Amino acid sequence: MITLDRMDLADCFTPEDIVNEIFRQCPTLMPPIPVCEIAKATGIKDIIERDLASIGGMLVADEEKNTGIILHHTSGPIGRKRFTIGHELGHFLLLHHGANQSCLASNIKEGSSASSNAKAETEANEFAQRLLMPDSFVASSINSSLPDIELLCDISITFGVSFEAMSNKCALSSNYPFALVYSHKGIVRYCWRNRNLFTPKIPLKRGDRLPDSSQAIRFSQNEDSISHIQSVDPSCWLEPGNDHISLEEQTFTQKDGYQVTLLRIKESTG
Ligand SMILES: [Zn+2]
């Protein structure tokens, strides 16, 4: 049973400070972080699933935000639902946010970036990311072995968050350089890398076709299939001038033609 002191939480004003205070009061929390129990311990009376059309989640609270309820959309995977609950809990605990929130699904951003047009939405996303994917736990998980798709799948299941959200967080927390290229039916959605670690640029932008010489473009479109890790000519993915790099590629085909390709720089042994 989780208990939380709202008085101490009320002294925190940023997503980072509130999450740190939750972990200070509950030092034994482990992934998957029990977001519903935490919400209940702070005054949320009920968490309800409902068909909300384009609305991803809602908070309905009293003016002082002593109590409230959270609604979230019925559709979507469990990781998405947990993130939405975390997002609405962020609105509840960030006292400068209004007591009633109605959040578009498109503003509840798990993976690519926390930012949104509205500052309150950005802060609520940041709160959910920090709560569900705590830095220290993520770093120790991703640095436990060489990063590959299987490891990223395992970590996302362990943390109860979406594959994309967790993979992007892992790319930033890893000590090993890897990048991710997200695509749909062979067309790039976006690329993601830790620029300090994976330094070569990937000259692909949204709307580009995956490189013809990549394994990714030829890989199976069967749902939930994962390719073997294979060496690939760096010029296939990286900008010119990176021929000295030893690059490896692995692709994961998800649902409805969505794919993610992991690019890993093989560290030289010499
Ligand atoms: Zn919101």
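So, which side chain meets Asp212 in a salt bridge? That would be Arg209, at 3.0 Å, N to O. By salt bridge I mean a side-chain nitrogen of Lys or Arg within 4 Å of a carboxyl oxygen of Asp or Glu. Asp212 is exposed, with a relative accessible area of 55%, and Arg209 is exposed too, at 52%. For the record, buried is under 20% relative accessible area, exposed is over 50%, and partly exposed is in between, using a 1.4 Å probe and protein chains only.

Before I go on, a word on what we're looking at. This is a predicted model, where local features need pLDDT of at least 70 and side-chain atom pairs count only at pLDDT 80 or more, while totals for chains, interfaces and linings use all residues. Residues are numbered from 1 along each chain as its sequence is written, and side-chain values use heavy atoms, with hydrogens and water left out.

Back to the charges. The structure holds 13 salt bridges. One of them joins Arg130 to Glu126, with the closest N and O atoms 2.7 Å apart. Both residues lie in helix H5, residues 119–132, four residues apart, about one turn of the helix. Helices here are DSSP runs of H or I with at least four residues, strands are E runs of at least two, and both are numbered from the N terminus. Arg130 is partly exposed at 26%, and Glu126 is partly exposed at 25%.

Another salt bridge is Arg189 with Glu164, closest N and O atoms 3.3 Å apart. That pair links distant parts of the chain: Arg189 sits in strand E6 (residues 187–193) and Glu164 in helix H8 (residues 163–173), 25 residues apart.

His91 is in helix H4 (residues 78–93) and Cys103 in strand E4 (residues 100–104), 12 residues apart, so to speak a link between distant parts of the chain. Both His91 and Cys103 are buried.

Cys170 is buried, at 0%. For Cys191 the closest cysteine sulfur is in Cys236, 12 Å away, again too far for a bond. Cys191 counts as partly exposed, at 26%.

Last, the inside. A nonpolar core is a set of buried Ala, Val, Leu, Ile, Met, Phe, Trp, Tyr and Cys residues joined through side-chain atoms within 4.5 Å. The largest one has 56 residues, and Ile22, Ile38, Leu89, Leu131 and Leu180 have the most contacts inside it. Helix H7 (residues 149–159) gives the most to this core, with six residues. Domain 1 (6–132) and domain 2 (135–265) both give residues to the core, so it lies between them; those bounds come from an automatic or database domain assignment. Apart from it lies another core, of 16 residues, including Val188 and Phe198.

Conventions: Disulfide = S-S within 2.5 Å.
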